[in-house]
Amino acid sequence: QVQLVESGGGLVQTGGSLRLSCAASGFTVSLNIMAWYRQAPGKQRELVADITSGGSTHYLDSVKGRFTISKDNAKNTVYLQMNSLRTEDTTVYYCKAMAYVYWGQGTQVTVSS
């Protein structure tokens with residue numbers, strides 16, 4: 001059974017940092033394209049970053065240079081390091097394996113000014 005459990009969200013001030021974690025089970029992270037999405041109320045879910053099985057990464061323009069996606073294959077876990085956070089980064093973040101339809105419960109990130 002595919003499961004994704006996100007954690008690491010919280011409340012930080014502008015310019016602060018957070019590291020999100022996504023613990024996966026039921027499939028192998030190293031063999032899949034993994035991604036982080038976010039969805040603000042009333043808006044469509046948007047792709048923030050993804051990482052291929054080979055380690056290539058891609059980012060939403062607005063987070064380039066601030067966010068870093070990575071994975072620990074031994075822990076079957078994907079991370080999103082978020083630095084220089086802005087108020088517009090406030091929303092719920094989700095991870096996903098692109099080959100599956102399942103979503104985790106998400107983790108709330110709130111950036112205060």
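## Rings, core and hairpins: worked exercises

In this predicted model, Lys96 sits over the face of Trp103, 5.5 Å from the ring centre.

**Exercise 1.** Work out which kind of aromatic pair Tyr37 and Trp103 form, and where the two residues sit in the chain.

*Solution.* 
- Step 1: take the distance. The ring centres of Tyr37 and Trp103 are 5.1 Å apart, and the cut-off for a pair is 6.5 Å.
- Step 2: take the angle. The planes are 80 degrees apart; since over 60 counts as edge-to-face, that is what this pair is.
- Step 3: place the residues. Tyr37 belongs to strand 4 (residues 34-39), while Trp103 is in the loop between strand 9 (91-97) and strand 10 (107-112). That puts them 66 residues apart, so the pair links distant parts of the chain.

**Exercise 2.** Classify the pair Tyr94 and Trp103, then say which residues make up the aromatic cluster.

*Solution.* 
- Step 1: the centres of Tyr94 and Trp103 are 6.1 Å apart and the planes meet at 85 degrees, so this one is edge-to-face.
- Step 2: join the pairs. Tyr37, Tyr94 and Trp103 make one aromatic cluster.
- Step 3: check burial. Tyr37 has 13% relative accessibility and is buried. Tyr94, at 13%, is buried as well. Trp103 comes out at 34%, so it is partly exposed.

**Exercise 3.** Describe the largest nonpolar core and find what Tyr93 touches.

*Solution.* 
- Step 1: size it up. The core holds 26 residues, and Phe27, Met34, Trp36, Phe67, Leu80, Met82 and Tyr93 have the most contacts inside it.
- Step 2: trace the sources. Strand 3 (18-25) gives the largest share, four residues.
- Step 3: zoom in on Tyr93. Leaving aside residues up to four places away in sequence, its contacts include Trp36, Phe67, Leu80 and Met82, and also Tyr37.
- Step 4: Nonpolar side chains tend to be buried together in soluble globular proteins.

**Exercise 4.** Follow Ile51 to its partners, and find which glycines have a positive phi in the two hairpins.

*Solution.* 
- Step 1: strand 4 and strand 5 run antiparallel, joined by five bridges. Here Ile51 of strand 5 stands opposite Met34.
- Step 2: strand 5 and strand 6 (residues 57-59) are also antiparallel, with three bridges. In strand 6, Thr57 is the bridge partner of Ile51.
- Step 3: look at the turns. Six residues lie between strand 4 and strand 5, and Gly42 there has a positive phi of about 80 degrees. Five residues lie between strand 5 and strand 6, where Gly55 has a positive phi near 100 degrees.

How values were computed: Residues are numbered from 1 along each chain as its sequence is written. This is a predicted model: local features need pLDDT of at least 70, side-chain atom pairs count only at pLDDT 80 or more; totals for chains, interfaces and linings use all residues. Side-chain values use heavy atoms; hydrogens and water are left out. Rings of Phe, Tyr and Trp (its six-membered ring) pair if their centres lie within 6.5 Å; planes under 30 degrees apart count as stacked, over 60 as edge-to-face and the rest as tilted. Buried means under 20% relative accessible area, exposed over 50%, partly exposed in between (1.4 Å probe, protein chains only). A charge sits over a ring if NZ of Lys or CZ of Arg is within 6 Å of the ring centre and within 35 degrees of the ring normal. A nonpolar core is a set of buried Ala, Val, Leu, Ile, Met, Phe, Trp, Tyr and Cys residues joined through side-chain atoms within 4.5 Å. Contact means heavy atoms within 4.5 Å. Two strands pair if DSSP finds at least two bridges between them.
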